Amino acid sequence: MKNDRIKILIADDHAIVREGLKQIVAEEKDMTVLGEAENSETLMNLLEKDKWDIVILDINMPGRNGLEILKDIKQLYPDLPVLILSMFSEEQYGLRSIKAGASGYLKKVSAPDELVQAIRRIVSGRKYITETLAEKLAENLSEPKVNSLHEKLSDREFEIMCSIAQGKSAEEIANELSISVNTFYTYRNRILEKLSMRSNVEITQYAIRNKLIDF
């Protein structure tokens, strides 16, 4: 590293989450949070203006989701490590995150106990993944490739499918993703077509069978 302390940039649209992460890091003498972003535009501006040791990126960002932002970061700054922070399980987004170039995947509920360890591990050049995700990666590499239906979906479509399966309304999903309700229905129609389904009920049943949502 070029300086004494690990220079961290946090991207999360919730100020309370950013503050909580900062408090965890504040106890460590070898790392510091020097940048915060609440959306993708601010994040990309901060990346352009300064050099960072690691980005902690929430997967649920407004407008463009974390996986889309991650792909942009890896294209522009291929050597910059990114730790994906998520409220979702590894089955939902872990594998997609690592495939998209993330150096680690951490559930938000685990952050108080694991964040510091994850940062140190990733900045040292290694990956930070849970045992569950490691098993998923091993299965993905060793087993004959059998594509699940949801692998046909784009990252945004997958995100919307999971939200539908969680019982959220069109208005709720549109508001969370900063899109119009009409745009939501366009995505929903694509999802139904790609999955060869006809209703939200079928989407929910599929998500439950494939352990894509938590209860």
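**Exercise 1. Helix 8 against helix 9**

Task: In this predicted model, find how the axes of helix 8 and helix 9 cross, and name the residues that meet.

Solution. 
- Step 1. Take the axes. Those of helix 8 and helix 9 come within 9 Å and cross at roughly 105°.
- Step 2. Classify the angle. Angles of 65 to 115 degrees count as roughly perpendicular. Helix 8 is therefore roughly perpendicular to helix 9.
- Step 3. List the contact. On the helix 8 side are Ala-170, Glu-171, Ile-173 and Ala-174. They meet Val-181, Phe-184 and Tyr-185 of helix 9.
- Step 4. Sort by class. The contact of helix 8 with helix 9 has 6 nonpolar residues, 1 charged residue and no polar ones.

**Exercise 2. Helix 7 against helix 9**

Task: Work out how helix 7 is oriented to helix 9, and which residues make the contact.

Solution. 
- Step 1. Locate the pair. Helix 7 covers residues 155–165, and helix 9 covers residues 181–195.
- Step 2. Read distance and angle. The two axes come within 10 Å and cross at roughly 95°. Helix 7 and helix 9 are therefore roughly perpendicular to each other.
- Step 3. Name the residues. Helix 7 contributes Arg-156, Glu-157, Ile-160, Met-161 and Ile-164. Helix 9 contributes Phe-184, Tyr-187, Arg-188, Arg-190, Ile-191, Lys-194 and Leu-195.
- Step 4. Sort by class. The contact of helix 7 with helix 9 has 7 nonpolar and 5 charged residues, and no polar ones.

**Exercise 3. The surroundings of helix 7**

Task: Find how many residues of helix 7 are buried, and which helices they pack against.

Solution. 
- Step 1. Look at some names. The buried residues include Asp-155, Phe-158, Glu-159, Cys-162, Ser-163 and Ala-165. Also among them are Arg-156 and Glu-157, which take part in the contact with helix 9.
- Step 2. Find the partners. The buried residues of helix 7 pack against helix 3 (66–76), helix 4 (90–99), helix 8 (170–177), helix 9 and helix 10 (200–209).
- Step 3. Look past the end. Just after helix 7, Gly-167 has a positive phi of about 85°.

**Exercise 4. Salt bridges**

Task: State how many salt bridges the whole structure holds. Then examine the pairs Lys-7 with Asp-50, Lys-108 with Asp-12, and Lys-168 with Glu-176.

Solution. 
- Step 1. Begin with the total. A search of the whole structure gives 15 salt bridges.
- Step 2. Take Lys-7 and Asp-50. Their side chains meet at 2.9 Å, N to O. The pair links distant parts of the chain, 43 residues apart. Lys-7 sits in strand 1 (residues 6–11), and Asp-50 in the loop between helix 2 (40–49) and strand 3 (54–58). Lys-7 is buried at 13% relative accessible area, whereas Asp-50 is partly exposed at 35%.
- Step 3. Take Lys-108 and Asp-12. Their N to O distance is 3.2 Å. Lys-108 lies in the loop between strand 5 (104–107) and helix 5 (111–123), and Asp-12 in the loop between strand 1 and helix 1 (15–26), so the pair ties together parts 96 residues apart in sequence. Lys-108 is partly exposed, at 23%. Asp-12 is buried, at 1%.
- Step 4. Take Lys-168 and Glu-176. The closest N and O atoms are 3.1 Å apart. Lys-168 is partly exposed at 26%, and Glu-176 is partly exposed at 37%.

**Exercise 5. Ser-40**

Task: Is Ser-40 buried or exposed? Which residues is it in contact with, leaving aside neighbours within four places in sequence?

Solution. 
- Step 1. Ser-40 lies in helix 2.
- Step 2. Check its accessibility. The value for Ser-40 is 15%, which counts as buried.
- Step 3. List the contacts. Beyond those sequence neighbours, Ser-40 touches Met-61, Arg-64 and Ile-69.

**Exercise 6. The whole protein**

Task: Describe the overall build of the protein.

Solution. 
- Step 1. Count elements. The protein has 10 helices and 5 strands.
- Step 2. The C-alpha atoms fill roughly 55 × 40 × 30 Å along the principal axes.
- Step 3. Check burial. Of the 215 residues, 46% count as buried.
- Step 4. Check contact range. Among contacts between residues at least 6 apart in sequence, 65% join residues at least 24 apart.

Definitions and conventions
Residues numbered from 1 in each chain as written. Predicted model: local features only at pLDDT ≥ 70, side-chain atom pairs only at ≥ 80, totals over all residues. Heavy atoms only, no water. Salt bridge = Lys/Arg side-chain N within 4 Å of Asp/Glu carboxyl O. Helix = DSSP H or I, 4+ residues; strand = E, 2+ residues; numbered from the N terminus. Buried < 20%, exposed > 50% of the residue type's maximum accessible area, 1.4 Å probe, protein only. Axes fitted to C-alpha atoms, helices over the stretch in contact; angles between N-to-C directions. Parallel < 35°, antiparallel > 145°, perpendicular 65-115°, else oblique. Contact = heavy atoms within 4.5 Å. Nonpolar A, V, L, I, M, F, W, Y, C, P; charged D, E, K, R; others polar.
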